[in-house]
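Have the structure open and follow along.

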Amino acid sequence: MVLSGVRDIKKWSERMRQPMVDLYGEDNFQHLWGAWIDGFTNIYQQKGGDVCLSAVSKIRCPSLIVHGQKDTLVGQNHPDYLHATIKGSKLVNMPEGKHNLHMKYADEFNKIVTAFLTDCKSDL
């Protein structure tokens, strides 16, 4: 599974690791991250690889999908599937975004989310 390659946070780039270390402390973050990987792997194995596919079609609320097209962890097939399966969802692809697009492009990301939430509010 892909996640085994990112278990050791010391192998992460400084830019990706440091914000989490600053927030949680290095030892605590390593412990939390390892526990998350173990939990996700367990769910993945118990469900035969179907972590959420069978549940996605049940989503009935406004949904925003933001994807970085340079994300090496989550391929374009994932947001495309979500968008095709969640009725009325909105997909925004950020051409230069990677997995941390919400941090690197925080202003643009926040504008996208704010506009989406504002539109949802006006639909109430």
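## A pair to start with

Which residue forms a salt bridge with Lys-70? It's Glu-96, with the closest N and O atoms 2.6 Å apart. A salt bridge here is a side-chain nitrogen of Lys or Arg within 4 Å of a carboxyl oxygen of Asp or Glu. Lys-70 sits in the loop between S1 and H4, and Glu-96 in the loop between strand S2 (90–94) and helix H5 (101–104), so the pair ties together parts that are 26 residues apart in sequence.

Before going further: this is a predicted model, where local features need pLDDT of at least 70, side-chain atom pairs count only at pLDDT 80 or more, and totals for chains, interfaces and linings use all residues. Residues are numbered from 1 along each chain as its sequence is written, and side-chain values use heavy atoms, leaving out hydrogens and water.

## The overall layout

The protein has six helices and two strands, and along the sequence they run α-α-α-β-α-β-α-α. These are DSSP runs numbered from the N terminus: helices are H or I with at least four residues, strands are E with at least two. The C-alpha trace spans about 45 × 35 × 25 Å along its principal axes.

Of the 124 residues, 22% are buried. Buried means under 20% relative accessible area, exposed means over 50%, and partly exposed is in between (1.4 Å probe, protein chains only). Take contacts (heavy atoms within 4.5 Å) between residues at least 6 apart in sequence, and 59% of them join residues at least 24 apart.

## The other salt bridges

The count comes to three salt bridges. One of them joins the side chains of Asp-38 and Arg-7 (2.3 Å, N to O). Asp-38 lies in helix H2 and Arg-7 in the segment before helix H1 (14–24), so this pair links parts that are 31 residues apart in sequence. Asp-38 is partly exposed at 42% relative accessibility, and Arg-7 is partly exposed at 31%.

Arg-17 and Glu-14 also pair up, with their closest N and O atoms 2.5 Å apart. They are three residues apart in helix H1, or about one helical turn. Arg-17 counts as buried at 13% relative accessibility, whereas Glu-14 is partly exposed at 45%.

## An aspartate without a partner

Now look at Asp-71, in the loop between strand S1 (64–68) and helix H4 (77–85). Asp-71 is buried yet has no salt bridge; Lys-98, the nearest side chain of opposite charge, is 9.6 Å away. For that call, Lys and Arg count as positive and Asp and Glu as negative, with His and the chain ends not counted.

What lies 3.0 Å from a polar atom of the Asp-71 side chain? That's the backbone nitrogen of Val-74. Leaving out residues up to four places away in sequence, Asp-71 touches Gly-97, Lys-98 and His-99.

## Greasy spots

The largest nonpolar core has seven residues: Leu-3, Ile-9, Trp-12, Val-21, Phe-29, Trp-33 and Ile-37. Helix H2 (residues 26–46) gives the most to this core, with three residues. A nonpolar core is a set of buried Ala, Val, Leu, Ile, Met, Phe, Trp, Tyr and Cys residues joined through side-chain atoms within 4.5 Å. Trp-33 touches Val-6, Arg-7, Ile-9 and Trp-12, again not counting residues up to four places away in sequence.

Ile-112, in helix H6 (residues 106–122), is buried with a relative accessible area of 16%. With residues up to four places away in sequence not counted, Ile-112 touches Leu-64, Val-66, Val-92 and Met-94.

Technical notes: A polar contact is a pair of N or O atoms within 3.5 Å; within protein, one must be able to donate a hydrogen and the other to accept it, and residues adjacent in sequence count only if both atoms are side-chain atoms.
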